[in-house]
Amino acid sequence: MTSVVRDTVRGPFDGYHSPYGLTEDADLMRVGRGTPMGELLRRYWQPIAYELEVGALPLKIRIMGEDRVLFRNGKREYGLVEQRCSHRGASLEYGVISDHGLRCAYHGFHYAVDGTILETGAGAPLANGGKICHGAYPLFVFHELIFTYMGPPERIPPFPMLDLFEHPHIRVEPGPDRTGILDCNWLQISENGQDPVHTAFLHALVTGTQRGFSDEMGIIPVMQWVQNDYGMHYIAARRKGDLVWFRINDKFVPNSGLIPADDERATKPNVSQRPFTMTWVVPIDDENSKRLYVMFNDERNPLRDGQRRRGFAQANDRPYEAAQRHPGDYEMMASQGRIAVHAYEHLTSTDYGVIALRQLLRENARAVAEGRDPVGIVRDPSHRIRTRGQNTVLRIPPAATPEADVEMLKRIGREVADGDLLDTLPPV
C-alpha cells in the first residue's frame with residue numbers, strides 16, 4: 001500500500017523530496033449522490049442534451065455518475081427515467097417509445113414521462129398493488145437545450161431566468177456544434193474560467209499563433225473578483241495607452257458561466273458585445289465531463305463565424321505533437337489528471353479566483369447539508385438575474401503613479417460591472 005506523504009523539495013536537484021501518494025479533495029471533486037458536491041449540483045437545473053440528440057430511439061445518458069434514459073414520446077413530451085426497469089432491471093435504452101411513454105422490451109412494463117407505471121407486462125398486477133412509480137426526473141426545455149433537476153422533489157426551484165434571456169436586442173440560440181466531452185473532472189474545467197491570467201500566457205505569449213486572441217490578451221490585467229448573489233464575477237482591466245479594456249466574466253455556482261468575446265482590439269471606446277455564450281460544465285461522472293452551451297446573438301453586433309465553432313484546443317481532437325507545440329485549454333485541464341489533486345498545488349495571489357470558487361462551493365455545500373438553499377436559487381418565477389458579463393473599452397488617461405492607476409482601474413471596473421453602460425453606449 002502506498003504511503004501518503006507530503007514532503008517539501010529542499011533545494012536544487014532535490015526531486016526525491018517531492019510529495020507523492022496524495023489524493024484528491026473528495027468533498028470538492030466527487031459528484032455521486034450523497035457527496036457534498038453531488039448534493040449541491042443536484043439542487044440546480046442541469047443541461048443534459050440538445051433536442052436534436054433525441055430521436056426515434058431512447059438515448060442513454062450518464063450524469064453525475066448515474067445512468068439514465070432520455071426519450072420523447074409520441075406526444076413530443078420528454079422523459080428522463082432510471083435506466084433499469086423496475087420489473088427485472090433490464091435497460092430501458094432498448095425500450096419501445098409509445099404515444100404516452102416508454103415500454104420495456106423485456107416484459108412490457110410501460111412508463112409515463114413522470115415515472116407512473118401505465119401498464120405491467122401482459123396486464124399482470126404488481127405484487128405490491130401498484131403503489132410504486134419508476135424513478136423519473138422533471139425536465140425543462142430552453143432554446144432546444146434540455147435541462148433536468150435531480151434533487152429532492154420538494155426542493156425543486158423554478159428555472160432561473162437571466163436578464164440576457166429576454167434582452168430586446170439578443171436572440172438566444174442553441175450551441176449544438178459546441179458540445180464537448182472532456183476526460184477529466186468537472187471542477188478543473190470550471191476553474192479555468194476563473195483564471196484570467198492564463199490568457200496572457202497560454203493564449204498569447206506561449207501560444208501566440210492561436211487564432212481568435214488579440215494582442216491585448218498578452219497584457220496581464222489588473223484583476224479583481226467580486227462575490228454576488230449568484231456566485232461571483234471577475235473584472236480584468238487591460239490598459240493600452242489611454243484606452244482600458246474591461247472584460248467581465250460571470251461565474252454561477254456551481255458549474256456555469258458567461259463568456260465575453262476574447263478578440264477585442266481596444267482601438268476605440270466602445271461596448272463590443274455582451275457575453276456571446278453561456279457554458280455549463282456537467283459531470284458525467286468523477287472523471288469525465290460534458291460542456292453544453294447556449295449562445296447570445298446580439299443584433300447590434302451579430303455572432304461571428306468563429307464564435308459559432310468550438311474554440312481552438314478545447315477538446316481532445318488534435319495529434320499529440322500539435323498539442324505539444326500549441327497547447328490550449330484542453331491540454332492544461334486534462335493534463336492535471338483525470339481528477340486533479342489540489343494538495344500538489346502551490347497557489348499564488350493570481351489564483352484568487354480559483355481559491356474563492358472552491359470556498360464558495362464548500363460554503364454552499366454546507367448550506368445544502370443544513371437544509372438551506374444554496375446561492376443563486378431563485379424561488380420567485382418572475383425574478384430575472386442581473387448579469388454583469390461584458391467587454392467595455394473606455395478612454396481613461398493613466399493616473400500619476402502605477403499604484404494609483406491600479407486602484408483607479410479597480411474602482412472604475414467595479415462601476416462598469418454594476419452600472420448601465422451596456423445599455424447607454426452605442427454598439428460597434
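User: How many cavities of 30 Å³ or more does the structure hold?

Analyst: Five. Keep in mind that this is a predicted model.

User: OK. What volume does the largest cavity have?

Analyst: About 230 Å³. It has 17 lining residues, and the closest to its centre are Pro160, Phe252, Ser256, Met278 and Trp280.

User: Switching topic: is lysine 290 buried or exposed?

Analyst: Lysine 290 counts as buried, because its relative accessibility is 13% and the cut-off for buried is under 20%. You'll find lysine 290 in strand S21, which covers residues 288-298.

User: What does its side chain reach?

Analyst: The backbone oxygen of isoleucine 48, at 3.2 Å from the lysine 290 side chain.

User: Now the open sheet of three strands. What's the strand order?

Analyst: S1-S11-S10, paired antiparallel. S1 (46-50) and S10 (139-142) are the edge strands with a single partner each, so one side of each has no neighbour in the sheet. From one strand to the next, the twist averages 30 degrees.

User: How many bridges join S1 to S11?

Analyst: Four, with S11 spanning residues 145-148 and the two strands running antiparallel.

User: Which residue in S11 does tyrosine 50 stand opposite?

Analyst: That's leucine 145.

Conventions. Residues numbered from 1 in each chain as written. Predicted model: local features only at pLDDT ≥ 70, side-chain atom pairs only at ≥ 80, totals over all residues. Heavy atoms only, no water. Buried < 20%, exposed > 50% of the residue type's maximum accessible area, 1.4 Å probe, protein only. Polar contact = N/O pair within 3.5 Å; in protein donor to acceptor, adjacent residues only side chain to side chain. Pairing = 2+ DSSP bridges. Axes fitted to C-alpha atoms, helices over the stretch in contact; angles between N-to-C directions. 1 Å grid on protein atoms, 1.4 Å probe; cavity = no way out; pocket = protein on both sides within 12 Å on 5 of 7 lines; lining within 4 Å. Points joined across faces, edges and corners; volume = space filled by probe spheres on them.
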